[in-house]
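Subject: Structure for your review

Dear colleague,

Please find below the structure that I am handing over to you.

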Amino acid sequence: MNLTDIAAALGGVLEGDGEVEITGVSSLAESGSGDITFLSNPRYTSAVASTSASAVLVNSDWTGECPCALIRVGSADGAFAKVAVLLSPPPVVFEPGIHASAVIASDASVGKDVYIGPNCVIEPGAVIGDGCVLVAGVYVGHESILGASCTLHAAVSVRERSRLGDRVTIHNNSVIGSDGFGYTPDADGIYHKVEQLGNVEIGDDVEIGSNVSVDRARFGSTLIGNGVKIDNLVQVAHNVRIGDHTVLVSQSGVAGSAHIGAHV
């Protein structure tokens, strides 16, 4: 795309040659000819003067030296994310259909326009909402419910009686509804398992990264609110409650029965 078209798509103000062709995105330090980059953190201002990029996205009030064209926008960070989408290959689309190797219980409910990929297993009583995508090797346990337009990437497991809202995305190898870590010692100090009889309930518009474990409750529910974003390698223990639009960053852990509010 040329810079004139990019500026128009972003609603930004172009300073420089609008006919310059942009073929990729990169960081300030690693960019070269044909790349567009961005400055959102003032601590990296000095890197703008030495960048080899063909264009830089900056906030509208930015002042400084720039050796190439620039586009002023309300948020350089947000604009750069949009440009990356414009210049990238189109996303993979899974057309509705059920792969021959999928195993689906006779009393499971599968909605309209659903894609169920190779080697997926849908247990009895499970419900798969309209427009869901189960990429490959996904397991949906007994009586679990997936709302509309959920995407479960390869090797995701959703254990029995879990509840997912609409537009939930779960990335590879994550487990929803594994047993909570509960044991009690007897008089001899030998530990015996405490049955974990609850479930996990996840709200709408939640995204969960790869290799995340969300444990089912000992009783009641482990609750994840609407709009929550969970990074890779996070542990959420049994009976935890996480409020709406909270973010958990990678390698964090939340101990059993902890309550986290909204927008944390």
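I begin with D179, which counts as partly exposed at a relative accessibility of 30%. Please note that the model is a predicted one.

Salt bridges

D179 pairs with R159 in a salt bridge whose closest N and O atoms are 3.3 Å apart. The loop between strand 19 (175–178) and strand 20 (183–185) holds D179, while R159 lies in the loop between strand 16 (157–158) and strand 17 (163–164), so this pair ties together parts that are 20 residues apart in sequence. R159 also meets E160 through their side chains, in a salt bridge of 2.9 Å from N to O. With a relative accessibility of 25%, R159 counts as partly exposed. Through shared partners, salt bridges join R159, E160, D179 and K193 into one network.

A search of the whole structure finds five salt bridges. One of them is formed by R72 and E15, with 2.6 Å between the closest N and O atoms. This pair links distant parts of the chain: R72 belongs to strand 5 (residues 69–73) and E15 to strand 1 (residues 13–15), 57 residues apart. E15 is partly exposed, its relative accessible area being 36%.

Which strands form the open sheet, and in what order? There are eight, arranged as 6-9-12-15-18-23-26-29, and their pairing is parallel. Strand 6 (97–98) and strand 29 (247–248) stand at the edges with a single partner strand each, so one side of each has no neighbour in the sheet. In general, the strands of a sheet pair through backbone hydrogen bonds, in either a parallel or an antiparallel manner.

Strand 15 (residues 151–152) and strand 18 (residues 169–170) run parallel and are joined by two bridges. Here L152 stands opposite I170, the latter in strand 18.

Leaving aside residues up to four places away in sequence, L146 touches V127, I128, G129, C132, L134, V140, L152 and L164.

Backbone angles

L233 has a phi near 60°, a positive value in a residue other than glycine. L233 is located in the loop between strand 26 (229–230) and strand 27 (235–236), and with a relative accessibility of 47% L233 counts as partly exposed.

The phi of H263 is likewise positive and near 60°, again in a residue other than glycine. H263 is found in the segment after strand 31 (259–260). Is H263 buried or exposed? Its relative accessible area is 62%, and H263 is therefore exposed, the cut-off for that class being over 50%.

Yours sincerely

Notes
Residues are numbered from 1 along each chain as its sequence is written. This is a predicted model: local features need pLDDT of at least 70, side-chain atom pairs count only at pLDDT 80 or more; totals for chains, interfaces and linings use all residues. Side-chain values use heavy atoms; hydrogens and water are left out. Two strands pair if DSSP finds at least two bridges between them. Helices (H or I, at least four residues) and strands (E, at least two) are DSSP runs, numbered from the N terminus. Contact means heavy atoms within 4.5 Å. A salt bridge is a side-chain nitrogen of Lys or Arg within 4 Å of a carboxyl oxygen of Asp or Glu. Buried means under 20% relative accessible area, exposed over 50%, partly exposed in between (1.4 Å probe, protein chains only).
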